[in-house]
Amino acid sequence: MVLGDVKITALSDGSVNQVLKDLLINTTDEEIDHLTSENFQTDENEASVNAYLFKLDNKLMMVDAGTSDLYGPSLGHLPRNLLKAGYDPKKIDVILVTHIHTDHTGGLMDGDKMVFPNATVYVSKTELDFWLGDESYKKAPADKKVYFEQAREKILPYVKAGKVKTFTFGKELFPGLTPLAAQGHTPGHTFYQLVSKNEKIVFWGDLLHSAAVQFPNPDVRIVYDIDPDQAAMTRKKAFTDAAQNKYWIAADHLSYPGIGHIKKEGNGYHWYPINYTIDPTGKGQ
C-alpha cells in the first residue's frame, strides 16, 4: 500500500495454530465460543506473524523480524518472503522492534549468523533492560526463563556488534516516524507511528492476538501479557484513538496482511481489513 509518499509492504513469516481457550484470560469459554462463531471460526485457529517494510529517509526499514526456527515449520518464512518481494535481507538498514518476544526477534539470527548484518536494531531502553537484565531473569518463573535465554541469543549479537540503539518515546527517530509507549504486553512494548502527507499508520505490534474476541471485548487479556491489566488499558486507549481518528493500523498477529481500520460498535469495535489490490500505486485501496 502507499501512505503519502511511502510504500509499505506487508510481509508474512507464516502462521501458527492457537487454541484461544488455553490462551485468553478475563473471559469465559462461552464468550470465546460465541465471538469466534460470530466470525465463522472456532476457538482453534491460525494466528499470523507479520512484519512490515518501507523506505524512509533513504533507509530500508522493517518493523519486527519474525521467528526463525523457534516455533516450528509453519513459521520462519520471512527471509524467503523478503527475497520473493525483491529485497535482500542484507540490504535492510533499520529494524524497528516492537518488543523482544522471540516471535518478533527470533528472525534476527539464523543459528550463529546475523540475518540482517547491516541493520541497526531500534528498541526501547525499558524493553532491552528487562530482557537482558539479571534481576528480571532471576525473578522470572522457572518455566519462563527460556524466553529470556532465547531473547538474549537473538539480540545480544547485535548488541555486541554495536548495532542496537534505544530511543525516547514520543521523539521522532526519522522524519515522520515516532515510537510511542505502549507498555503492558511487555514493559517496553512500542508502537511505531508513521506519518506522510497527513496520512498516518500506527504499527501496533502485539496490542491484540485475537481479532474475533478482543475487538468486541478489549478487556480480554492473553497469557503472554507480562502486565495484563496495563495491556488492557493500553489496548482500550489505542482502540479509541484509532477509531476516532480513522487512521490505518497494522498489527503483527492480525490475519495477514494485518492492515486496516477499526470502528466503534456497541461496547467494542469492528475490524475493517484493507481492500486487496494489485495496483502498485495503492490507489485501489
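Biologist: Where does Asp-57 lie?
Modeller: Asp-57 sits in the loop between strand E4 (44–56) and strand E5 (59–63). Strands (E, at least two residues) and helices (H or I, at least four) are DSSP runs, counted from the N terminus. This is a predicted model, so local features need pLDDT of at least 70 and side-chain atom pairs 80 or more, while totals for chains, interfaces and linings take in all residues. Numbering starts at 1 along each chain as its sequence is written, and side-chain values use heavy atoms, without hydrogens or water.

Biologist: What's phi at Asp-57?
Modeller: Near 55 degrees, which is positive for a residue other than glycine. Most residues other than glycine have a negative phi.

Biologist: And phi of Asn-58?
Modeller: Also positive: Asn-58 has a phi near 60 degrees and isn't a glycine either. Asn-58 is in that loop between E4 and E5 too.

Biologist: Is Asn-58 buried or exposed?
Modeller: Asn-58 counts as exposed, at 72% relative accessibility. The cut-offs are under 20% relative accessible area for buried and over 50% for exposed, with partly exposed in between (1.4 Å probe, protein chains only). Asp-57 is partly exposed, because its value is 39%.

Biologist: Which residue forms a salt bridge with Asp-57?
Modeller: Lys-59, with the closest N and O atoms 3.6 Å apart. A salt bridge here is a Lys or Arg side-chain nitrogen within 4 Å of an Asp or Glu carboxyl oxygen. Lys-59 is partly exposed, at 29%.

Biologist: How many salt bridges does the structure hold?
Modeller: Eight. One of them pairs Asp-33 with Lys-21, the closest N and O atoms being 2.9 Å apart. Asp-33 belongs to helix H2 (29–38) and Lys-21 to helix H1 (20–23), so this pair ties together parts that are twelve residues apart in sequence. Asp-33 is partly exposed at 36%, and Lys-21 is partly exposed at 30%.

Biologist: Which residues are linked in a network of salt bridges?
Modeller: Asp-219, Arg-221, Asp-229 and Lys-236. There's also a bridge between Lys-144 and Asp-143, where the closest N and O atoms are 3.6 Å apart. Lys-144 is partly exposed at 37%, while Asp-143 is exposed at 53%.

Biologist: What's the lining of the largest pocket like by class?
Modeller: It has 15 nonpolar, eight polar and five charged residues. Ala, Val, Leu, Ile, Met, Phe, Trp, Tyr, Cys and Pro are the nonpolar class, Asp, Glu, Lys and Arg the charged one, and the others, Gly among them, are polar. Strand E2 (6–19) is among the elements giving at least two lining residues, and E2 has the largest share, with three.

Biologist: What about the core, which residues touch the most other members?
Modeller: In the largest nonpolar core, with 28 residues, they're Met-62, Ile-92, Ile-95, Leu-108 and Phe-116. Helix H7 gives this core the most, four residues. A core is a set of buried Ala, Val, Leu, Ile, Met, Phe, Trp, Tyr and Cys residues joined through side-chain atoms within 4.5 Å.

Biologist: What does Leu-108 touch?
Modeller: Leaving out residues up to four places away in sequence, its contacts include Ala-65, Ile-95, Phe-116, Val-121 and Tyr-158. Contact means heavy atoms within 4.5 Å.

Biologist: Last one: which residues does a cis peptide bond join?
Modeller: Tyr-256 and Pro-257, with omega about 10 degrees. Pro-257 is in the loop between strand E15 (248–251) and strand E16 (259–265). Most peptide bonds are trans.
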